[in-house]
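Reader: Could you take a close look at the protein chain for me, and walk me through how its fold is laid out?

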Amino acid sequence: MGSPMTAPVPVADDVAFMRAALAQAELAAAANEVPIGAVVVRDGLIVGRGYNCPITSGDPTAHAEIMALRDAARAIGNYRLTGARLYVTVEPCLMCVGALVHARVGTLIYGTPEPKAGAVVSAMCALNHPTLNHQVDVVSNILGDESRELLQRFFQSRRETDKAR
């Protein structure tokens, strides 16, 4: 689905941008954070990058999406990211969905669902709330297997480390 204001991005581009988000997720994993990564794309260019870092930053809002939105807003000099596309490896939570709406992101593209806290289609459908003053288009399952496998490897490794203690 493309935003009515912009032409749809070809799937090949979606895959390339999601690979950039996966690279951010790998940075999170290397920092022993839950491996979720995000990039913000505007006019075909990555203008913001972020990965999960609430533990290392001591900031409960430091989710990948928030970090990428902050980075993009600084880069373009405006907190409104109208027409931007946010690529994230895992379905956003309620906080991050709210940030997407406030930033006026045009399209959300995510890799894999998050059954416990996903606020797009899994645990709730927050983007469909009738009082929202902005609509975000959604594309799902872009490199979903890779995104899910990265999470599974991370948590499997954590379980093995916990058993060894």
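Author: Happy to! From the N terminus on, the elements of the protein chain follow the order α-β-β-α-α-β-α-β-β-α. That makes five helices and five strands, where helices (H or I, at least four residues) and strands (E, at least two) are DSSP runs numbered from the N terminus. Please keep in mind that this is a predicted model, where local features need pLDDT of at least 70 and side-chain atom pairs count only at pLDDT 80 or more, while totals for chains, interfaces and linings use all residues. Residues are numbered from 1 along each chain as its sequence is written, and side-chain values use heavy atoms, with hydrogens and water left out.

On confidence, pLDDT (the predictor's confidence in each residue, from 0 to 100) has a mean of 92 for the protein chain, and 93% of its residues reach 70 or more. Residues 1-6 stay under 50, and the model has eleven contacts for them beyond four places in sequence; a contact means heavy atoms within 4.5 Å.

Now the overall form. The C-alpha atoms fill a box of roughly 55 × 30 × 30 Å along the principal axes. The radius of gyration of the protein chain is 15 Å, which agrees with the value near 15 Å for a compact globule of 165 residues; it is taken over C-alpha atoms, and the globule rule is 2.2 Å times the number of residues to the power 0.38.

Inside, 45% of the 165 residues are buried, meaning under 20% relative accessible area (1.4 Å probe, protein chains only). Among contacts with a separation of 6 or more, 59% come from residues 24 or more positions apart.

Definitions and conventions
Buried < 20%, exposed > 50% of the residue type's maximum accessible area, 1.4 Å probe, protein only.
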